[in-house]
Amino acid sequence: MTQAAQSLARSTHFTAADFGALDRWRAFEMDHPRRGRITGKTFLGQVLGLTGMEVSFGSMAPGEASPFSHSHKQNEELYVFLTGQGEMQVDGERFPLKAGSAIRIEPAGVRAWRATGTEPLTFLVIQAKAGSLEQATASDGVIAEQPPVW
């Protein structure tokens, strides 16, 4: 990642980083081990010390497409599109994308996407081991005795 977080805070129970506004995500770059330099993509796992998931930010210029199709060995992915319009392809089936679209893809699904609109296609991707979620937020949450102090 050549574009680092703008600020970073760490404490006993959290790590916080500011990656900037959506319109700055195009500046992110990463070195893919087999595909070389990829623009508009950064992973948060190492920066934030994630231990149960991987999260990445992505941004594609209008007309840009994924440089490759891919699947995963163990991780399902959740794509959440924040701006723009596009098209996703999973196992050869194509469907439209727009701000507010959310797509879960099983590990074996072969996926790729492209930006088809006139503004950047920005998105979050959350990866976690398929089948590993044992409880959802309501059953996992523990309400603290003391209310927040603002």
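Which side chains are joined by a polar contact of 3.5 Å? In this predicted model, that contact links the side chains of R104 and E106, and a further polar contact, of 3.2 Å, joins the side chain of R104 to that of E76. R104 itself is placed in strand β10, which spans residues 102-105. When residues up to four places away in sequence are set aside, R104 touches E76, E77 and L78; the C-alpha atoms of R104 and V80, which are 24 residues apart in sequence, are separated by 8.9 Å in space.

The residues touched by R104, namely E76, E77 and L78, also belong to the lining of the second largest pocket, together with G52, M53, I126, Q127, A128, K129, G131, S132 and L133. This pocket has a volume of about 260 Å³, and its lining divides into five nonpolar, four polar and three charged residues. Strands β7 and β12 each supply at least two of the lining residues, with β12 providing the largest share, four residues.

The largest pocket has a volume of about 560 Å³ and is lined by 25 residues, among which M30, H32, K41, F43 and F68 lie nearest its centre. At least two lining residues are supplied by each of β3 (29-32), β4 (36-39), β5 (41-43), β6 (54-60), β7 (75-83) and β12 (121-129), and the largest share, four residues, comes from β6. In composition, the lining of the largest pocket comprises 12 nonpolar, nine polar and four charged residues.

How values were computed. Residues are numbered from 1 along each chain as its sequence is written. This is a predicted model: local features need pLDDT of at least 70, side-chain atom pairs count only at pLDDT 80 or more; totals for chains, interfaces and linings use all residues. Side-chain values use heavy atoms; hydrogens and water are left out. Contact means heavy atoms within 4.5 Å. A polar contact is a pair of N or O atoms within 3.5 Å; within protein, one must be able to donate a hydrogen and the other to accept it, and residues adjacent in sequence count only if both atoms are side-chain atoms. On a 1 Å grid over the protein atoms alone, a cavity is a set of points where a 1.4 Å probe fits but cannot get out, and a pocket is an open set with protein on both sides within 12 Å along at least five of seven lines; lining residues have an atom within 4 Å of a point. Grid points are joined across faces, edges and corners, and a volume is the space filled by probe spheres set on the points. Ala, Val, Leu, Ile, Met, Phe, Trp, Tyr, Cys and Pro count as nonpolar, Asp, Glu, Lys and Arg as charged, and the others, Gly among them, as polar.
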